[in-house]
Amino acid sequence: MGVDTTLAGAQAELVEQAKWREHPNRDTPEHVRDQAELWAGQARTELEWAKSLSKRLSEGAYTMADDPDSWRTVPDHLKMRA
């Protein structure tokens, strides 16, 4: 599963949570609704962070281990045995 798929799923979940918070079950205690608001706020913050990170990664913000001229090389254990 790709990052974009994961982000889209998280976004969809937040939409569903918002619908529930707007029209909660009458039997749901108020403190549970407040807890849900806290969790939704944390999820929104994490989603925005993940979107920002995904954008930076796609723009090449970090050098990866398998990039040419990387500061780190990934050992190929099969070649080391030959």
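Helices here are DSSP runs of H or I of at least four residues, strands are runs of E of at least two, and both are numbered from the N terminus. The model you're looking at is predicted, so local features need pLDDT of at least 70 and side-chain atom pairs count only at pLDDT 80 or more, while totals for chains, interfaces and linings use all residues. Residues are numbered from 1 along each chain as its sequence is written, and side-chain values use heavy atoms, with hydrogens and water left out.

Back to that pair: the E16 and K19 side chains meet in a salt bridge, 3.4 Å from N to O. Buried means under 20% relative accessible area, exposed means over 50%, and partly exposed is in between, with a 1.4 Å probe and protein chains only.

The structure holds three salt bridges, so let's pick up the others. K51 and E48 pair up at 3.6 Å, N to O. They are three residues apart in helix 2 (residues 30-58), again about one helical turn. K51 has a relative accessible area of 33% and counts as partly exposed; E48 is partly exposed at 47%. E59 bridges to K55, with the closest N and O atoms 3.1 Å apart, and both of these residues are exposed.

Now zoom out. The chain has three helices and zero strands, running α-α-α from the N terminus on. Buried residues make up 12% of its 82 residues. The chain exposes about 7100 Å², with carbon and sulfur atoms supplying 55% of that; areas come from the Shrake-Rupley method with a 1.4 Å probe, and for residues only the protein chains shown count as cover. Among contacts (heavy atoms within 4.5 Å) between residues at least 6 apart in sequence, 37% join residues at least 24 apart.

Along helix 2, A36, A40, L47, L53 and S54 are buried, and helix 1 is among what covers the buried residues of helix 2.

In the loop between helix 1 and helix 2 you'll find T28, which is buried at 14% relative accessibility. Beyond its neighbours within four places in sequence, T28 contacts W20 and R33.

At the other end of helix 2, G60 comes just after the helix and takes a positive phi of about 80°. M64 lies in the loop between helix 2 and helix 3 (77-81), where it's partly exposed at 37% relative accessibility. Together with L57 and Y62, M64 makes a nonpolar surface patch of about 270 Å².

Methods:
Salt bridge = Lys/Arg side-chain N within 4 Å of Asp/Glu carboxyl O. Patch = residues over 30% accessible without salt bridge, like charges linked within 9 Å, V, L, I, M, F, W, Y side chains within 5 Å.
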